[in-house]
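Hi,

Here is the structure I promised to hand over. My notes on it follow below.

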Amino acid sequence: MTAPSRPVPPRPLRVGIVGVAYAEGTHLPAYAALAAEGLVELVAVATAHRETAEAAAEKHGIPRAHVGFEALCADPDVDLVDVATRPSRHRPMAEAALAAGKRVLCEAPLAPTVADGEAMLAAAGDRGLVDMQSRFWPGITELRRLVADGYVGRVDNVAATALYPTFTTERAIASSGWCAVAEHGASSLRVHGLHTADLLRFVFGDLSDVRGSAARREPLWDGRVPADSVDSAAWTARTPDGAVCSVHSSWIARFGAGFRLVVHGSEGMLLAEAAGHTGHFPVRLSGARTGDDVPRELVAASGAATEPFTRLVRAVATGDTADVPTFADGLAALRIAEAVEAG
């Protein structure tokens, strides 16, 4: 029995990407894979400097290199603008693309503030998407299906931890040291914590009664980089059905064990685990029901780091966007972050 073929659009989705530093590891390889499937065509790239834009275009075989996001947003051959820059730059870039009639795929977090996110959503309507790609691991989609089908019965308790040693390593500090500065819009709460918040909303629905605490525990990364962004946070919430949730995230957790999301219900439990940030590390799912001796593996942890982003963009290119996070989802995550930061 042959597997059903994926829908192919009348022509490839024509993408222009703003920023290449972060995109180099995930976005660009994913676009290359989807181009081979006939689903995507990467037609333009923009950076702030001609030499970096032209170098990226030459390296990745991109037809046009633009200096500045404004020129790329005005490019008539671009259907979707991928904003792959730091959060503090997202709003003007997204608004320029939307004003030019483009769809926008914006890196997470959506914006540095709720006010910025609200303005972006108002400008976007249904044309704004957010790269909270953690949803697209098979282990997560199966977790969601099983919860909805009653595998654990009534959901009573949900606990998530996202404890990573990211900025205890020289490599991460060298490549993403800008995350140390709060005004750029990133933090452990707004990156790893935000992806975790989106997964909870994806599986269980909107969260309420959000309360928490955020801290800056490490003032100097590697003893030399001043840091004033939140590096550790813990918070609680309630699901629409009243289950109690807890989340604890940090990106300075030495020997941090990675991601863990456990769901306990009246008839069983489900456990999703990843060795690192769910945006890039595959998710293993296990579970047990009343009468089982031990949990058993339901979905293995397999797949390349680019897989969830590739799945997200494939869904956009084929029009299968029901599970693709929108600007509304990005704004909901920002509201959770601001509630936690408010204490």
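Lysine 59 is exposed, at 60% relative accessible area (exposed is over 50%, buried under 20%, partly exposed in between, with a 1.4 Å probe and protein chains only). Its side chain meets that of glutamate 24 in a salt bridge, 2.8 Å from N to O (a side-chain nitrogen of Lys or Arg within 4 Å of a carboxyl oxygen of Asp or Glu). Glutamate 24 sits in the loop between β1 and α1 (27-36) and lysine 59 in helix α2 (residues 50-60), so the pair ties together parts 35 residues apart in sequence. Helices (H or I, at least four residues) and strands (E, at least two) are DSSP runs numbered from the N terminus. Glutamate 24 is partly exposed, at 29%.

Before you dig in: this is a predicted model, where local features need pLDDT of at least 70, side-chain atom pairs count only at pLDDT 80 or more, and totals for chains, interfaces and linings use all residues. Numbering runs from 1 along each chain as its sequence is written, and side-chain values use heavy atoms, leaving out hydrogens and water.

The structure holds 27 salt bridges. Another one joins aspartate 79 and arginine 14 (3.0 Å, N to O), and both residues are buried.

Glutamate 297 also pairs with arginine 284, with the closest N and O atoms 2.9 Å apart. Glutamate 297 lies in strand β16 (residues 296-299) and arginine 284 in strand β15, so this pair links parts 13 residues apart in sequence. Shared partners join Arg11, Arg14, Arg64, Asp75, Asp77 and Asp79 into one salt-bridge network.

Cheers
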